[in-house]
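Hi,

Here is the structure I promised to pass on. Have a look at it first, and then read my notes below.

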Amino acid sequence: MKATSKITASHRGRLAVVYVRQSSVVQVRVHGESTTRQYGLAATAVEMGWAPGGVLTIDADLGVSGRFGAHRDGFTELLARVCRGEVGAIFGLEVSRLARSSGEFARLLELARLTDTLLVDADGVYDLSDVNDRLLLGLKGSMSEAELHLLTGRLHGAKLAAAHRGELRSPLAVGYVYDDGEVVFDPDEQVRQAVEDLFAEFTATGSAMGVVKAFAATGRLFPQRKWGGAWDGRIKWGRLTHSRVLQAVKNPVYAGAYAYGRSYDARKVHPDGTVAATKVKRARADWTVLIQDHHPGYITWQQFLDVEAKLAANNTKAGFRPPREGSALCQGIIFCGICGGRMGTQYGSGGRVSYLCQHSNPHRTDACRAVAAVTVDDAVAALLLDAVTPQQLKLAVKAAEELTDRYTRSHRAAELAIERARYEADRAERAFSNVDPANRLVARTLESKWEAKLQALADAEAALITARAARPPLPERDALLALAADLPKLWHHPNTPVRDRKRLLRTLIADVTLLPEQHKDEVRIGVRWHTGAADEITAGRIGPGRTPAAALELIRRHGATHTSEQLAEILNAERLRTGRGHRWSKAGVARVRGYYTIRAPRTVAIQNGEISVKQAAAELGIPADAIYNWLAHDQVPARRGPSGRWCIPWDPDTQAIYQRKVAASFRLKPNPTRNGNRAV
């Protein structure tokens, strides 16, 4: 190191800071000589006159990039000490590499000038109060940044060229290994079987969480390849997680495709000056490289597209409503015809399910109403089964064949466009190859034309890939006709899951709308098919208020003389059914009594030694509602007579129980005037 005359006693009286940094952990591990040389600068500072105790080594930034100083704790400490005037000189192998950005380096130089801090590297000692040293360091900093840019560009260009050939190697997903540079299936059969099971379970369940539950139910584990450390490249088995499933089903490598540039680094500057880098996913159309049929796949490319569409349909945050486990068949695809909002599903006691406008809907009005789910579901299911008949399917197959012909014609046009673009590219290549290399002006023009033709060829090939990916799959004609005969049996089979019925319904029906009613006993339902066609059907309402007239007349005629249980037996004997088509029960008759205010027979239910609730309340001097509440929660002894009246055995033991309940309540204050014996 030269120019030691610039070092004064003032500088030696302060700290000599040796700043040690390397950009990555790999450099620290592999290039140990650089680290050793940087640590050796402490001895150089001693040789230049600093006391051993006056040399401070800052090595907190080993393995940290120098692009942004805010992320480097060591660099932050260095700036803080310089600002406080504690540093006399900063030592480094090359001071221009203390900070990789011009802004950070200029900031360091300005602070060093203000605090009279020297910068020392292998080329000499720099005094920032000297304008020549400032110019020299500024030039070296700009050259360092330009050098970094050039190196990065060259490395990235080489990576990009290898990626376009599909030869850029990167860590493979579990289930694949490299064999002489080729991507092949993992030779471990257990690993391959685990990956195949993952995609098979996703096909069966239709969701990532369904795959996790299926693996957990059978106790199956899933392999994961570890990278780095002692387990580098080895397989470890563990519990399958939701994020792991999503990572697998979204990876195009399992479809036999090679992809590069699926994401990019985005940086955001926070108010405190720190810079945060995040990974941003690109749309598939924006991937830098996509090579299909690059290697054998666990699924086909079309299956990968189907999985992608299924995941998008499962995203409830985007407004989609995938089929759930509930019994409501039209859950998620039914809308209100009055306010236009999506109708929610409400599950009540006794298995009652209703569709109703959600209270959070800002367009909800008083005219919006609820409807029993079974009313809509039965009508829509009947419409679906009527549509899937052999005659209807023949028309659908014919339409699908016409659609396939149109797609084939569009594919042919794209193929012809590729042939023309390839011819133009070959022609431009021949013209470039025949030009005299010494005539650089002509060669440069022809090279630009050749690159433009190659880009046009790439665009034409991408258009053909997009057209083929958008082609709808057409099932076999015989399979469709066989399905029409078996579908009703499959639909009504008790072992058919509700979710499968919902999936089948949604393959043909886009949505259902509850139209404004014209008659209070009818429900108008609009059904929109995926083909764009629409149907309107009408169904009769069921439930309370829709009891068949014959059953209601019988209940009115015998209601005053027969109990609810007796009436249920009479109705069933007459083969009358409820509004839902079920057999009558005691609870069902009681609901009809309550809705139409049909009184039950008043029978003498109180026996000797028993009193009514009102009598017990009068004896205790409390409101009768308190006793009814205790009885509802089965907290006090009593029995219920045939007519439903409560009968309380008023013996000393029972009285003691009721009196203890009164004494334990802080709300009840016995009033002696309630029993009729007013104080005189």
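This is a predicted model: local features need pLDDT of at least 70, side-chain atom pairs count only at pLDDT 80 or more; totals for chains, interfaces and linings use all residues.

A quick definition before we start: two residues are in contact, or touch, when they have heavy atoms within 4.5 Å of each other. Residues are numbered from 1 along each chain as its sequence is written, and side-chain values use heavy atoms, with hydrogens and water left out.

Now find C330. Leaving aside residues up to four places away in sequence, C330 touches Y355, V376, D377, V380, L505 and V512. C330 also belongs to the largest nonpolar core, which has 33 residues. A nonpolar core is a set of buried Ala, Val, Leu, Ile, Met, Phe, Trp, Tyr and Cys residues joined through side-chain atoms within 4.5 Å. Buried means under 20% relative accessible area, with exposed over 50% and partly exposed in between (1.4 Å probe, protein chains only). Within this core, C330, Y355, V376, V380 and I525 touch the most other members. Elements giving two or more residues to the core include β16 (353–357), α12 (373–387) and β19 (522–529). The largest share, 8 residues, is from α12. (Helices are DSSP runs of H or I with at least four residues, strands are runs of E with at least two, and both are numbered from the N terminus.) A separate core has 31 residues, L172, L198, V211 and L305 among them.

Next, the second largest pocket, with about 1400 Å³ of space. On a 1 Å grid over the protein atoms alone, a pocket is an open set of points where a 1.4 Å probe fits, with protein on both sides within 12 Å along at least five of seven lines; lining residues have an atom within 4 Å of a point. Volume is the space filled by probe spheres set on the points, which are joined across faces, edges and corners. There are 44 lining residues, and S170, A259, Y260, G261 and R262 are the closest to the centre. β11 supplies the largest share of the lining, 4 residues.

Of its 680 residues, 36% count as buried. Among contacts with a separation of 6 or more, 60% are between residues 24 or more positions apart.

Happy exploring!
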